[in-house]
Amino acid sequence: IDVGVRIGALLDSTLVAQTLGSIRRVVVASPDFLAAHGTPAHPQELAGARCVRFTGGSAPWWTFHDGERRLQVSAGGNLEFNHIAPATDACVAGAGFGMFMSYQVASLVAAGRLALVLEAFEPPPRPVSIVYPHARGLPMRTRLFIDWLRQALAARAGPGGPFDTLA
């Protein structure tokens, strides 16, 4: 593998890492669901709420931050998916609250099909990095790909884009 893209903190390794930006973990629900069930003011209100869970390696609880304090809330509900697309579709259809990486729902939020909730309690943004072998002897095609990737991602930053910040 010539290049990898990593979301999250990086462990020490022999690879070179360049931070591309950061993304958020957000909670969303459809406007219709919020009109019918209300908008939570605190993460603890999700404990008894209908939640749409993504089971791809995630725990049965959602993590939030209240200032410096970390909160874990059990994500209840009767819908679990191991793919993002049906999970976001279920949220759009009004099945409940969902927690996703911001890039996974950015276009749905921008289109008004999903609304962000509990933004004040989001965990810190996660870094997005590109990793590759040591730069000495790095093939030109790999250098060009890295440059292209940076430009392509920069063009997609901002409202509705996949990244909340770019480095």
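Q: Which residues in H2 meet which residues in H3?
A: This is a predicted model, and in it Ile84, Thr88 and Val92 in H2 meet Gln104, Val105 and Leu108 in H3. To count as a contact, heavy atoms have to lie within 4.5 Å.

Q: How do the axes of helix H2 and helix H3 cross, and at roughly what angle?
A: The axes of H2 (residues 84-92) and H3 (residues 102-110) come within 11 Å and cross at roughly 35°. As for handedness, the crossing of H2 and H3 is right-handed.

Q: Why is the pair of phenylalanine 33 and phenylalanine 97 called edge-to-face?
A: A search of the whole structure turns up two aromatic pairs. For phenylalanine 33 and phenylalanine 97, the ring centres are 5.0 Å apart and the planes are at 85°.

Q: How do you know whether phenylalanine 33 is buried or exposed?
A: Look at its relative accessibility, which is 4%. Buried means under 20%, so phenylalanine 33 counts as buried. Phenylalanine 97 has a relative accessible area of 4% too, so it is also buried.

Q: Which residues have the most contacts inside the largest nonpolar core?
A: That core has 17 residues, and the ones with the most contacts inside it are Val27, Leu46, Trp62, Phe64, Phe97, Val117 and Leu118. Strands S3, S5, S6 and S8, along with H1, each supply at least two residues of this core. Apart from it lies another core, of twelve residues, including Val52, Ile84, Ala87 and Leu108.

Q: What does tryptophan 62 touch?
A: Leaving out residues up to four places away in sequence, tryptophan 62 touches several residues, among them Leu46, Val52, Leu71, Phe97 and Met99.

Q: Where is valine 3, and what does it touch?
A: Valine 3 is in the segment before strand S1 (4-7). Among the residues it touches are Ile130, Tyr132, Thr142 and Phe145. The C-alpha atoms of valine 3 and threonine 142 are separated by 7.4 Å, though the two are 139 residues apart along the chain.

Notes:
Residues numbered from 1 in each chain as written. Predicted model: local features only at pLDDT ≥ 70, side-chain atom pairs only at ≥ 80, totals over all residues. Heavy atoms only, no water. Helix = DSSP H or I, 4+ residues; strand = E, 2+ residues; numbered from the N terminus. Phe/Tyr/Trp six-rings, centres within 6.5 Å; stacked < 30°, edge-to-face > 60°. Buried < 20%, exposed > 50% of the residue type's maximum accessible area, 1.4 Å probe, protein only. Axes fitted to C-alpha atoms, helices over the stretch in contact; angles between N-to-C directions. Left-handed = near helix turned anticlockwise from the far one by under 90°. Core = buried A, V, L, I, M, F, W, Y, C linked by side-chain atoms within 4.5 Å.
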